[in-house]
Amino acid sequence: MSSIVQAANGLLASGEYFDLLSIIKGLRNGAVYGVKVRFPHALVMTFLFGRGTTIEKFRGILKATYQHSKNLAKFVFLFKSIMILLRRTEGKEQNFHPLIAGAIGSYLVFGENNKINSQINMYVLSRMLFGAARLLVKKEIIPEPKTDVFPFFAALVWGVTLWQFYHHKEVLQPSLQHSMTYLYTDSNVWHDLWDFVVQNKPGQI
């Protein structure tokens with residue numbers, strides 16, 4: 001066994017098959033990161049807002065974790081593979097290669113409209129918009145604000161979102177609906193000290 005490990009370590013340290021090994025490592029990291037991100041989130045959200053027996057809840061947690069992990073692993077695999085293919089085709093990595101590889105990979109993996117992909121895409125969208133705004137300032141396409149605009153950004157985001165929740169709740173993503181219902185609607189209902197302090201309502205903390 002030790003000789004096999006030594007041979008494997010020697011291969012990894014040699015620099016040979018770097019592209020192939022980077023794809024395999026990316027596949028591994030995508031799967032692991034998917035579990036690290038999704039499992040605690042699914043665990044908390046399921047036991048806060050989920051319905052069903054404990055077994056059904058754990059089955060839902062594991063299903064969501066598996067789907068997130070699998071999708072992220074597949075995307076990293078496709079993205080890195082396409083990047084390597086483009087680099088080898090053109091002789092070197094070009095500025096637009098990540099855009100093409102990311103677009104193709106995400107179309108194939110994150111293009112299916114389901115709850116997990118919806119959450120992932122919206123998470124990335126918010127980061128992309130932040131990055132785009134900073135890039136516009138960096139490239140001097142728009143001037144850097146003289147004052148802190150973050151309070152105005154927060155006001156716009158929360159004001160619009162809460163207006164949508166109160167008047168067009170169905171357009172919001174389901175997990176956000178659950179969170180806002182818990183915070184702003186369920187807090188209007190109680191019957192005794194138990195569901196005023198200890199529990200939100202029967203079966204829910």
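**Pockets, helices and a salt bridge**

Mentor: The second largest pocket holds about 920 Å³ of space. Keep in mind that this is a predicted model.

Trainee: Which residues are closest to the centre of that second largest pocket?

Mentor: Met-45, Phe-49, Gly-50, Lys-115 and His-178. They belong to a lining of 33 residues.

Trainee: And which elements give two or more residues to that lining?

Mentor: Helix 2, helix 3, helix 5 and helix 7.

Trainee: How does the lining of the second largest pocket split by class?

Mentor: It has 14 polar, 10 nonpolar and nine charged residues.

Trainee: OK, now the largest pocket. What volume does it have?

Mentor: About 1400 Å³. Its lining counts 39 residues. Met-122, Tyr-123, Leu-125, Ser-126 and Arg-127 lie nearest the centre.

Trainee: Which elements give two or more residues to the lining there?

Mentor: Helix 2 (18-49), helix 3, helix 5 (115-138), helix 6 (150-167) and helix 7 (174-185).

Trainee: Which one gives the largest share?

Mentor: Helix 5, with 13 residues.

Trainee: And the classes in the lining of the largest pocket?

Mentor: 24 nonpolar, 10 polar and five charged.

Trainee: Switching topic. At what angle do helix 3 and helix 4 cross?

Mentor: Roughly 145°. The axes of helix 3 (residues 54-90) and helix 4 (residues 97-109) come within 8 Å.

Trainee: Left-handed or right-handed?

Mentor: The crossing of helix 3 and helix 4 is right-handed.

Trainee: Which residues meet there?

Mentor: From helix 3, they include Phe-75, Leu-78, Phe-79, Ile-82 and Arg-87. From helix 4, they include His-97, Pro-98, Ile-100, Ile-104 and Leu-108.

Trainee: How do the residues of that contact divide?

Mentor: Into 12 nonpolar, five polar and three charged.

Trainee: Last thing. How many salt bridges does the count come to?

Mentor: Three. One of them joins the side chains of Asp-19 and Arg-87, at 2.9 Å from N to O.

Trainee: Where do those two sit?

Mentor: Asp-19 is in helix 2, and Arg-87 is in helix 3. They are 68 residues apart, so the pair links distant parts of the chain.

Note on methods:
Residues numbered from 1 in each chain as written. Predicted model: local features only at pLDDT ≥ 70, side-chain atom pairs only at ≥ 80, totals over all residues. Heavy atoms only, no water. Axes fitted to C-alpha atoms, helices over the stretch in contact; angles between N-to-C directions. Helix = DSSP H or I, 4+ residues; strand = E, 2+ residues; numbered from the N terminus. Left-handed = near helix turned anticlockwise from the far one by under 90°. Contact = heavy atoms within 4.5 Å. Nonpolar A, V, L, I, M, F, W, Y, C, P; charged D, E, K, R; others polar. 1 Å grid on protein atoms, 1.4 Å probe; cavity = no way out; pocket = protein on both sides within 12 Å on 5 of 7 lines; lining within 4 Å. Points joined across faces, edges and corners; volume = space filled by probe spheres on them. Salt bridge = Lys/Arg side-chain N within 4 Å of Asp/Glu carboxyl O.
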